[in-house]
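Here is a briefing on a single structure. Look it over before reading the points by topic.

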Amino acid sequence: MPKTQLNVRVDEATAEAARQRALQRGMSVNRYIEELVRQDAGEVGHTFVEAAADFMKQYESVFAEEFGAEGERAR
């Protein structure tokens with residue numbers, strides 16, 4: 001996958017924390033930041049799926065009444 005350069009400004013303490021965490025994990029700062037973003041994006045996706053499942057469970061009876069057990073509209 002082609003890479004895109006992204007410039008980000010952070011305070012020195014945040015930059016040093018990123019350097020130290022990356023070093024502890026044996027990876028570059030670029031890779032470390034990339035992993036953080038991927039994890040965050042994955043968590044958001046997971047949170048969305050959980051919320052959707054909760055919604056469906058909460059309104060299951062309403063959907064069943066409206067569309068029936070077979071997915072057909074009740075008449």
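The notes below cover the pocket, the aromatic rings and the salt bridges.

This is a predicted model: local features need pLDDT of at least 70, side-chain atom pairs count only at pLDDT 80 or more, and totals for chains, interfaces and linings use all residues. Numbering runs from 1 along each chain as its sequence is written, and side-chain values use heavy atoms, with hydrogens and water left out.

**Pocket**

- The largest pocket has a volume of about 730 Å³. A pocket here is an open set of points on a 1 Å grid over the protein atoms alone, where a 1.4 Å probe fits, with protein on both sides within 12 Å along at least five of seven lines. The volume is the space filled by probe spheres set on the points.
- Its lining counts 19 residues, with Leu6, Val29, Asn30, Ile33 and Glu34 nearest the centre. Lining residues have an atom within 4 Å of a point.
- Helix 2 (29-58) and helix 1 (12-25) each supply at least two lining residues. Helix 2 gives the most, with 7 residues. Helices are DSSP runs (H or I, at least four residues), numbered from the N terminus.
- By class, the lining has 10 nonpolar, 4 polar and 5 charged residues.

**Aromatic rings**

- The structure holds 3 aromatic pairs. Rings of Phe, Tyr and Trp (its six-membered ring) pair if their centres lie within 6.5 Å; planes under 30 degrees apart count as stacked, over 60 as edge-to-face and the rest as tilted.
- Phe55 and Tyr59 make a tilted pair, 4.9 Å centre to centre with 40° between the planes.
- Phe63 and Phe67 make a stacked pair, at 6.2 Å and 20°. Both lie in helix 3 (residues 60-67), 4 residues apart, about one turn of the helix.
- Ring pairs link Phe55, Tyr59, Phe63 and Phe67 into a cluster.

**Salt bridges**

- The whole structure has 6 salt bridges. Each is a side-chain nitrogen of Lys or Arg within 4 Å of a carboxyl oxygen of Asp or Glu.
- Lys3 bridges to Glu34, with the closest N and O atoms 2.9 Å apart. This pair links distant parts of the chain: Lys3 sits in the segment before helix 1, Glu34 in helix 2, 31 residues apart.
- Glu34 also meets Arg38 in a salt bridge (3.3 Å, N to O). Both lie in helix 2, 4 residues apart.
- Shared partners join Lys3, Arg31, Glu34, Glu35 and Arg38 into one network of salt bridges.
- Glu12 forms a salt bridge with Arg19, the closest N and O atoms being 3.0 Å apart.

Notes. Ala, Val, Leu, Ile, Met, Phe, Trp, Tyr, Cys and Pro count as nonpolar, Asp, Glu, Lys and Arg as charged, and the others, Gly among them, as polar.
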